[in-house]
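Reader: I'd like to learn how to read strands, packing and surface features in a protein model. Could you walk me through one?

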Amino acid sequence: MNVLHVDSSILGERSVSRTVSAAVVSRLREVYPNLWVTYRDVVANPLPHLTASLAGTLGKPVDQAPAAIAPEAAALRRVLDEVLAADIIVVGTPMYNFGIPSQLKAWLDALAVAGVTFRYSSAGVEGLLGAKRLVIVSSQGGFYHAGTPAAGLEHQESYVRGFFAFLGLTNTQVVRADGTKVSAAADAHGLPVALRRAAELQI
Ligand SMILES: Cc1cc2nc3c(=O)[nH]c(=O)nc-3n(C[C@H](O)[C@H](O)[C@H](O)COP(=O)(O)O)c2cc1C
């Protein structure tokens, strides 16, 4: 069982999403004794942002990339290969300014590759990652679930879920620590709830 574990919080050891994503991977280790984990920290090792020439290399053999951007092309190919090799993808994402960290966006930008992770057919768009499973570990300072006043500002969790659904990956679970900044009481609440959910995850 191959697991790809991705973290994107800028807050290092104090990070809620990093703490919870590590708990999810611990849970997976319990469930699957033969687990191979690949870890990718998109903050410690930031990926290049797309440019027109870099976007032109996506999905093509790296040795065909222009020499001037060969290292960047190789870095983007590496993260795509990590996703293709994974059976389960665990993505830790905090909400920053109602969306995902820009470092995580750079990672996602390497994954939407026509002909590799999705394809256009006569029936429309077809995602090609269908057999994989996804766990989104989401941390949010406020509350954004359906029915809350700020629900319309939630462009983080639903974005990651929708992005992977576009790639065919619909077997998705969310472990959410929300309200982490609302008050001292809520701060004590969101993380323990998420850790309990991580410990009981059925996958
Ligand atoms: C730069 C930055 C922007 C943030 N923007 C939001 C936001 O738009 N909405 C929100 O509810 N919380 C926001 N927060 C709070 C975080 O979502 C919250 O603290 C979360 O638990 C952080 O997760 P982490 O510790 O894994 O980074 C922001 C925090 C930071 C550092």
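This is a predicted model: local features need pLDDT of at least 70, side-chain atom pairs count only at pLDDT 80 or more; totals for chains, interfaces and linings use all residues.

Reader: In what order do the five strands of the open sheet come?

Author: First the terms: helices (H or I, at least four residues) and strands (E, at least two) are DSSP runs numbered from the N terminus, and two strands pair if DSSP finds at least two bridges between them. Here the order is E2-E1-E3-E6-E7, with parallel pairing. Strand E2 (36-41) and strand E7 (171-177) are at the edges with a single partner strand each, so one side of each has no neighbour in the sheet.

Reader: How many bridges link E3 and E6?

Author: Seven, joining residues 88-94 of E3 to residues 133-139 of E6 in the parallel sense.

Reader: Which strands does helix H3 touch?

Author: Contact means heavy atoms within 4.5 Å. By that rule H3 (residues 70-85) packs on the sheet against E1 (2-7), E2 and E3, and its direction makes about 145° with that of E2. Such axes are lines fitted to C-alpha atoms, for helices over the stretch in contact, with angles from 0 to 180 degrees between N-to-C directions. Helix H4 (residues 102-109) also packs there, touching E1, E2 and E3, at about 150° to the direction of E3.

Reader: Through how many residues does the hairpin join E4 to E5?

Author: Two residues make the link. Strand E4 (residues 118-121) and strand E5 (residues 124-127) run antiparallel, joined by four bridges, and Ser121 stands opposite Gly124.

Reader: Why does Glu126 count as partly exposed?

Author: Buried means under 20% relative accessible area, exposed over 50%, and partly exposed in between (1.4 Å probe, protein chains only). Glu126 counts as partly exposed because its relative accessibility is 32%. This residue lies in E5 and, leaving aside residues up to four places away in sequence, touches Phe118, Arg119 and Ser121. Glu126 and Ala165 are 39 residues apart in sequence, yet 9.9 Å apart in space, C-alpha to C-alpha.

Reader: And where does Phe166 lie?

Author: Phe166 lies in helix H5 (residues 157-166). With a relative accessible area of 38%, Phe166 is partly exposed.

How values were computed: Residues are numbered from 1 along each chain as its sequence is written. Side-chain values use heavy atoms; hydrogens and water are left out.
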